[in-house]
Amino acid sequence: MSIRSSLAAASALALVFAGAALAQTTPAEPAASPAEAPPPAPAPPVATPPSEWRTVPPENLMIIDTTKGRVLVELAPEIAPLHVERIRLLARANVYDGLKWHRVIDYFMAQTGDPLGTGDGQSAWPDLKAEFTFRRGPDLPFTPVATPAGAVVGFVHALPVQSQPDALMAQTGDQKVHGWGLYCPGVAGMARDDNPDSANSQFFIMRQPYPSLDKRYTVWGVAVAGLDVVRALNAGTDASGMVAQPDVMTRVRIASDLPEAERPVVQVLDTASPRFRDLAGQMRTARGADFSVCDITLPVQVSGAPAPSV
């Protein structure tokens, strides 16, 4: 027997004798009835860790089914409310169904939304006033990832944006500052002619970054899934980008207009999460002086109704 077990046995024996002596000299007390027994202490609450994922609201999810696959676009009503309202209206009126991706340029963008399929058509609704910039206030969710001189760059939901610094909010009448969407891969913009207020129904989705478009064409959303589909669309073979055998948008819908069983569910990495901060930090370190917000690709999870076969 070890020293530890010998001491334990001796201690137990001493407690037995001490208990017997106490029982002989102390009157026994009646046992407490179950009703008098103190209630058990409540279990401490279990903290639920915050989710790293943000679910795209169905009213802000545009589903574009094409002959090459499905593209899921998150609309940005805080950035371009008039254009998002128009996109929803055209989708709900089935205007986009069957329209061609008539102009596609490698290392640039893919354009569609023309009822004529030539680049010269538009919908029956009036043209829109440009929304090249927006006003960003402290109540708009915004995650900065870089602070170049006199500016701040980051994300509003899944959309890359640039803005004036927060410090300027105290100096403006509406307590807000100017911001604008950045034309990174997947960003959706509205086509127009030379008149800034001539956007109507045609739109484009970026295949690659193209910063010279910033603040010149209205940004209204970003493809959170399906960028590979956009890049796979048949491209034009000359400088005009007009496609001889264009792919087609077979069906375009807003997710909230579909029965729940037919809706895809899209979750995007929350830019307010620690995981996103780590991702952005790793990319800044890897890219060094060449870092751009366009280098960050947000992880996405898509579940629910699958895309139809094409």
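I count as a salt bridge a side-chain nitrogen of Lys or Arg within 4 Å of a carboxyl oxygen of Asp or Glu. I note that this is a predicted model, in which local features need pLDDT of at least 70 and side-chain atom pairs count only at pLDDT 80 or more, while totals for chains, interfaces and linings use all residues. Residues are numbered from 1 along each chain as its sequence is written, and side-chain values use heavy atoms, with hydrogens and water left out.

Entry on salt bridges. By this rule I find eleven salt bridges. I looked up Arg135 and Asp174, whose side chains meet in one of them at 2.8 Å, N to O. Arg135 belongs to strand E6 (residues 134-136) and Asp174 to the loop between strand E9 (159-163) and E10, so this pair ties together parts that are 39 residues apart in sequence; helices (H or I, at least four residues) and strands (E, at least two) are DSSP runs, numbered from the N terminus. For accessibility I take buried as under 20% relative accessible area, exposed as over 50%, and partly exposed as in between (1.4 Å probe, protein chains only). Arg135, at 32%, is partly exposed, and so is Asp174, at 37%.

I then checked Arg136, whose side chain meets that of Asp166 in a salt bridge at 2.5 Å, N to O. This pair also links distant parts of the chain, with Arg136 in strand E6 and Asp166 in the loop between E9 and E10, 30 residues apart. Arg136 is buried at 2%, whereas Asp166 is partly exposed at 44%.

Asp65 and Arg70 form a further salt bridge (2.7 Å, N to O); both residues are buried, and together with Arg251 they are linked in a network of salt bridges.

Entry on the disulfide. With a disulfide taken as a pair of cysteine sulfur atoms within 2.5 Å, I count one, joining Cys184 to Cys294 with S to S at 1.9 Å. The torsion about their S-S bond is about -75°, so I record the disulfide as left-handed. Cys184 is buried at 4%, but Cys294 is partly exposed at 24%.

Entry on His102. I find His102 in the loop between helix H2 (81-92) and strand E4 (103-105), and it is buried at 3%. Its side chain makes a polar contact with that of Gln202 at 3.4 Å; such a contact is a pair of N or O atoms within 3.5 Å, where within protein one must be able to donate a hydrogen and the other to accept it, and residues adjacent in sequence count only if both atoms are side-chain atoms.
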